[in-house]
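Subject: Structure handover and findings

Hello,

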Amino acid sequence: MPEQKKYKVGDTKFNTPRRGPGHGPRMGGGEKANDFGKAIRDLLRYSKRYLPMIVTALLMAAAGTILNLIGPSKLKDMTKIITDGLMTGIDLNAFLRIAVTLAVLYGLGALFSLVQGWIMTTVTQRLEKGMREDISQKINRLPLKFFDGTTTGDVLSRVTNDVDTVGQAYRQSISTLVTAITMFVGCLFMMFYTNWIMALSGILASLLGFALMTTIVKRSQKYFVRQQNQLGALNGHIEETYAGHTVVKAYNGERQARTTFREMNDGLYDSAWKSQFLSGMMGPLMGFIGNLGYVVVCVVGAVLTINKVIGFEVIVAFMIYIRLFTNPLSQIAQAATNLQSAAAAGERVFAFLSETEMSDESGKQTKLSAAKGNVSFDHVRFGYNPDKVIIHDFSAEAKAGQKIAIVGPTGAGKTTMVNLLMRFYETNAGKICIDGVPIDELTRTNVHALFCMVLQDTWLFEGTVKENIIYAKQGVTDEQVVRACKAVGLHSFIKTLPQGYDTVLDDNTNLSAGQRQLITIARAMIENAPMLILDEATSSVDTRTEMLIQKAMDTLMQGRTSFVIAHRLSTIRNADLILVMKDGDVIESGTHDELMQRNGFYAELYNSQFELAA
């Protein structure tokens, strides 16, 4: 079992084992409700840095609630002044003093509520910003094997939907919960202080609400967890379908895509409906309990007034207290609902932040700043899953400045060898050396800086043509960009664009697959690293463009160790060394002429291409 990487964020340490690709369902596919308390504790630990601000806001919320609780007692005194003054005259001075006091109390309560709302909004936005930053940084520390088993849409859902859900819960629930609890406890105290008989009557009527609320919360939590998971899965399906919409249309897959979407959407609807229905029962239920409380207070109050145990002013005070007493129950129920959503969303966020990262390389001292380009593979063994080995026993040696071609049928392990060379994956056994230094002694950043790479799949971002070509390279002049584009035959096309090299590439820019590939090749030329990797770099261009690119690549490869993966064997006839792979092993090696003379597997591959062409 691989060593578990601990991830520290803020003051929180997460250490959750992950499922590797091929082992169990993808992330976000589970429906089991996990520990609600643990998820809330993780959220609170993550928020530790904001604890002083949160405590301040909660104290203000409690203080504002307490001030509002004093109001009914003062209203009781005002009512007594009025009822007593009906026969003898109303004491206006006493009445005005109480009115001014009430205005001050309610004004301070509103001010405290305003300040705590501002503080909680600030905390919420900082929390969401921090979570998004942590997820973004985490993505850069995750190995590629993680993304082999997780859909892009599910990861995006964690960055957007789940983080937003956590933020909404903080914004709407934390202060509301404290206010409601303070109001609830304060009402209990004030009601018993005013009259214990009527207090007991109101409490007994509300106990039913507590019991039902607890039952509903327990039953609905699993649906909130399932809702967040299914939302992530649905986003993943939509992202995949949209990214491949051309293939979907070409193969008439619209019906299947709609069917899959409908099934997933129905599942999300079912979970969302059940969770929202159960949580939606809180409001009507609490409304019924509140109305029942009014009836009980009126009946009991009337009996006590007739028996001259209390005065009319006590009934007035209790009518307000019973409203203040039942409202917190509704607020607590709503806050509990929001916290359930936050727990489900936070669980997905922290599960992502707990994924096993690439090993820490901060202690490595070995560095190659200017590699000559001698590369050796020594009995390399590798499998994406431990139980399925792809590269069994690969050994090869490339001398500085050589052009090494790696050929073989689909699935032979060609691209896998390049991924191992770039340290996108780690070998299971054996070692790979650059200038005699094992690459696992170098940092990944150092290894990547030694190579410029052109892949079969092109990648362009929304930006100008020049920005796409330069990408992360610093200090590149316009002349260098133009020279690279001329070398690959792209300059004439760029000049026809509306703004030339400053044309922004976005969804509205119509580029062919070949033109996109030419831009990525120009990017590799600008990188100007000591070694070069070409993985089917000319697969998307026509024959004439391929000849131009090949000529430019020959110039680029001079003095550099180059690894070329190609299916069109005619493009690698001038390679210094050709490695022929099959089923994860090198079965032949040599120059083109040597391999053709042997009349082996390579000669069979080479001749078959011309037979197919004919």
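In which loop is Tyr 471 found? Tyr 471 is in the loop between helix 13 and helix 14. Its phi is near 50°, a positive value in a residue other than glycine. Please keep in mind that this is a predicted model.

**Overall**

The protein chain has 614 residues, and 46% of them count as buried. Its secondary structure comes to 19 helices and 14 strands. Take the contacts in the chain with a separation of 6 or more: residues 24 or more positions apart account for 79% of them.

**Helix 14**

Helix 14 spans residues 478–487, and its buried residues are Val 481, Ala 484 and Cys 485. Why do they sit on the same side of helix 14? They do so because they cover an arc of only 95° around the axis. The general rule is that an α-helix has 3.6 residues a turn, so residues three or four places apart point the same way.

The face turned away from the buried side of helix 14 carries Glu 479, Arg 483 and Lys 486, which are exposed. On the buried side, the cover includes helix 13 (465–470), helix 15 (491–495) and helix 16 (513–527). Just after helix 14 comes Gly 489, with a positive phi of about 75°.

**Helix 14 against helix 16**

The axes of helix 14 and helix 16 come within 9 Å. They cross at roughly 130°. That angle makes helix 14 oblique to helix 16. The crossing is right-handed.

Which residues meet here? From helix 14 they are Gln 480, Val 481, Ala 484, Cys 485 and Ala 487. From helix 16 they are Ala 522, Met 525 and Ile 526. The residues of this contact divide into seven nonpolar, one polar and no charged. Val 481, Ala 484 and Cys 485 are also the buried residues of helix 14.

Asn 528 has a positive phi of about 55°, although it is not a glycine. Asn 528 is partly exposed, with a relative accessible area of 47%.

**Helix 3 against helix 5**

Helix 3 covers residues 92–141 and helix 5 covers residues 152–194. They pack at an angle of about 160°, with their axes 9 Å apart. Helix 3 is therefore roughly antiparallel to helix 5. The crossing of the two is right-handed.

On the helix 3 side, the contact residues include Gln 116, Met 120, Thr 124, Leu 127, Met 131, Ile 135 and Ile 139. Those of helix 5 include Val 155, Val 159, Val 163, Gly 167, Tyr 170, Ile 174 and Ser 175. Charged residues take part as well; among them are Glu 128 and Arg 132 of helix 3, and Arg 158, Asp 164 and Arg 171 of helix 5. The residues of the contact divide into eleven nonpolar, six polar and five charged.

**Helix 1**

Helix 1 spans residues 36–46. Its buried residues are Ala 39, Ile 40, Asp 42, Leu 43 and Tyr 46. They cover an arc of only 155° around the axis, which puts them on the same side of helix 1.

**Single residues**

- Ser 341: this residue is found in helix 10 (residues 312–353). Is Ser 341 buried or exposed? Ser 341 is buried, with a relative accessible area of 17%. Leaving aside neighbours within four places in sequence, Ser 341 is in contact with Thr 165 and Phe 224.
- His 237: this residue lies in helix 6 (residues 196–243). His 237 is buried, with a relative accessible area of 14%. With neighbours within four places in sequence set aside, His 237 is in contact with Ala 257, Thr 260, Phe 261 and Met 264.
- Pro 386: this residue is in the loop between strand 3 (375–382) and strand 4 (391–398). Pro 386 is exposed, with a relative accessible area of 74%. Pro 386 and Asn 428 are 42 residues apart in sequence, and 8.4 Å apart in space, C-alpha to C-alpha.

Best regards

How values were computed. Residues numbered from 1 in each chain as written. Predicted model: local features only at pLDDT ≥ 70, side-chain atom pairs only at ≥ 80, totals over all residues. Heavy atoms only, no water. Buried < 20%, exposed > 50% of the residue type's maximum accessible area, 1.4 Å probe, protein only. Helix = DSSP H or I, 4+ residues; strand = E, 2+ residues; numbered from the N terminus. Arc of directions from axis to C-beta. Contact = heavy atoms within 4.5 Å. Axes fitted to C-alpha atoms, helices over the stretch in contact; angles between N-to-C directions. Parallel < 35°, antiparallel > 145°, perpendicular 65-115°, else oblique. Left-handed = near helix turned anticlockwise from the far one by under 90°.
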